[in-house]
Amino acid sequence: MKLKQVFKNNEDWIKNKLDQDPKYFENIGKGQSPEFLYIGCSDSRVDAEGLMGLELGDVFVHRNIANMVPNTDLNVMSVVNYAVEHLKVNHVVVCGHYGCGGVKAAMQSQDLGILNPWLRNIRDVYRIHAKELDKIDDEDKRYNRLIELNVQEQCVNLIKTAEVQKAIRTRGVKVHGWVFDIFSGKLIDLKIDFDAILKNIREIYHLD
């Protein structure tokens, strides 16, 4: 695709939106009040609003390699703070996807330079769940399960934050762990039992 085609596509997109609603851009220009904070992977095959069937203004989005929520990353922590404290989102979603190159890279014994400290977070997920993962002989199934467990651990990282804990207590904010199957287009709710997972660590991470 040539670069100029992008701007032609933009013109067509504007026309399509205005044909549907002449005040479309006027309305979204008034501000945002999204229902969701979506934390997903930067993979070019994953489109947050598209796979959820939502429009501009419905989702506050943060994306990085392998949909991580490390507490040392000021970028994702700032996004969480702004979305939960100021935009007052009601749902916080971590969405991974099958075929994730970041998770795959973390499973390899390779020196990947600047990516090493980032991927180490995923290797830590493997370490935590090594007993379960090492029992899976099929490499692809083990890879998919690590993708799911990585989503779970990033959701737990969210619940460790003061903003999310406060929002859960005061506004009933919900945290969700999803996986997008790029091979079928299906969005899968992992239905994570956070109460069971957090039962033994809640006292450590509870913040007043």
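## Basis of the model

The model is predicted, so local features need pLDDT of at least 70 and side-chain atom pairs count only at pLDDT 80 or more, while totals for chains, interfaces and linings use all residues. Residues are numbered from 1 along each chain as its sequence is written, and side-chain values use heavy atoms, with hydrogens and water left out.

## The chain as a whole

The chain has eleven helices and five strands. Helices (H or I, at least four residues) and strands (E, at least two) are DSSP runs, numbered from the N terminus. Along the principal axes, the C-alpha atoms fill a box of roughly 55 × 45 × 30 Å.

Of the 208 residues, 39% count as buried. Buried means under 20% relative accessible area, exposed means over 50%, and partly exposed lies in between (1.4 Å probe, protein chains only). Contact means heavy atoms within 4.5 Å. Among contacts between residues at least 6 apart in sequence, 64% join residues at least 24 apart.

## Helices α4 and α9

The axes of helix α4 (residues 74-86) and helix α9 (residues 162-171) come within 10 Å and cross at roughly 20 degrees. Axes are lines fitted to C-alpha atoms, for helices over the stretch in contact, and angles run from 0 to 180 degrees between N-to-C directions. Angles under 35 degrees count as roughly parallel, over 145 as roughly antiparallel, 65 to 115 as roughly perpendicular and the rest as oblique. The helices α4 and α9 are therefore roughly parallel to each other. The crossing of α4 over α9 is left-handed; this term applies if the near helix is turned anticlockwise from the far one by less than a right angle, and right-handed applies if clockwise.

On the α4 side, the contact is made by Val 80, Asn 81, Val 84 and Glu 85, which meet Glu 163, Val 164, Lys 166, Ala 167 and Arg 171 in α9. These residues divide into four nonpolar, one polar and four charged. Here Ala, Val, Leu, Ile, Met, Phe, Trp, Tyr, Cys and Pro count as nonpolar, Asp, Glu, Lys and Arg as charged, and the others, Gly among them, as polar. The buried residues of α9 are Glu 163, Val 164, Gln 165 and Ala 167, and the buried residues of α9 pack against α4, α8, β4 (174-181) and α11 (202-205). After α9 comes Gly 172, with a positive phi near 70 degrees.

## Helices α6 and α8

Helix α6 (residues 116-128) and helix α8 (residues 139-159) have axes that come within 10 Å and cross at roughly 105 degrees. That makes α6 roughly perpendicular to α8. From α6, the contact uses Ile 122, Val 125, Tyr 126 and Ile 128; from α8, it uses Arg 142, Leu 146, Leu 149, Asn 150, Glu 153 and Gln 154. The residues of this contact divide into six nonpolar, two polar and two charged.

His 129 lies in the loop between α6 and α7 (130-133). This residue is buried, with a relative accessible area of 14%. Leaving aside neighbours within four places in sequence, His 129 is in contact with Leu 149, Gln 152 and Glu 153.

## Aromatic pairs

Rings of Phe, Tyr and Trp (its six-membered ring) pair if their centres lie within 6.5 Å; planes under 30 degrees apart count as stacked, over 60 as edge-to-face and the rest as tilted. By this rule there are three aromatic pairs. One of them joins Tyr 24 and Phe 25 edge-to-face, at 5.0 Å centre to centre with 90 degrees between the planes. Tyr 24 is buried at 11% relative accessible area, and Phe 25 is partly exposed at 27%.

Phe 60 and Tyr 82 form a tilted pair, at 5.7 Å centre to centre with 45 degrees between the planes. This pair links distant parts of the chain, with Phe 60 in strand β2 (residues 59-64) and Tyr 82 in helix α4, 22 residues apart. Phe 60 is buried at 18% relative accessible area, whereas Tyr 82 is partly exposed at 38%. Trp 13, Tyr 24 and Phe 25 form one aromatic cluster.

## Residues with positive phi

Most residues other than glycine have a negative phi. Ala 66 has a positive phi near 70 degrees and is placed in the loop between β2 and α4. Ala 66 counts as buried at 0% relative accessibility.

Lys 88 is not a glycine either, and has a positive phi of about 60 degrees. Lys 88 lies in the loop between α4 and β3 (91-97) and counts as partly exposed at 44% relative accessibility.
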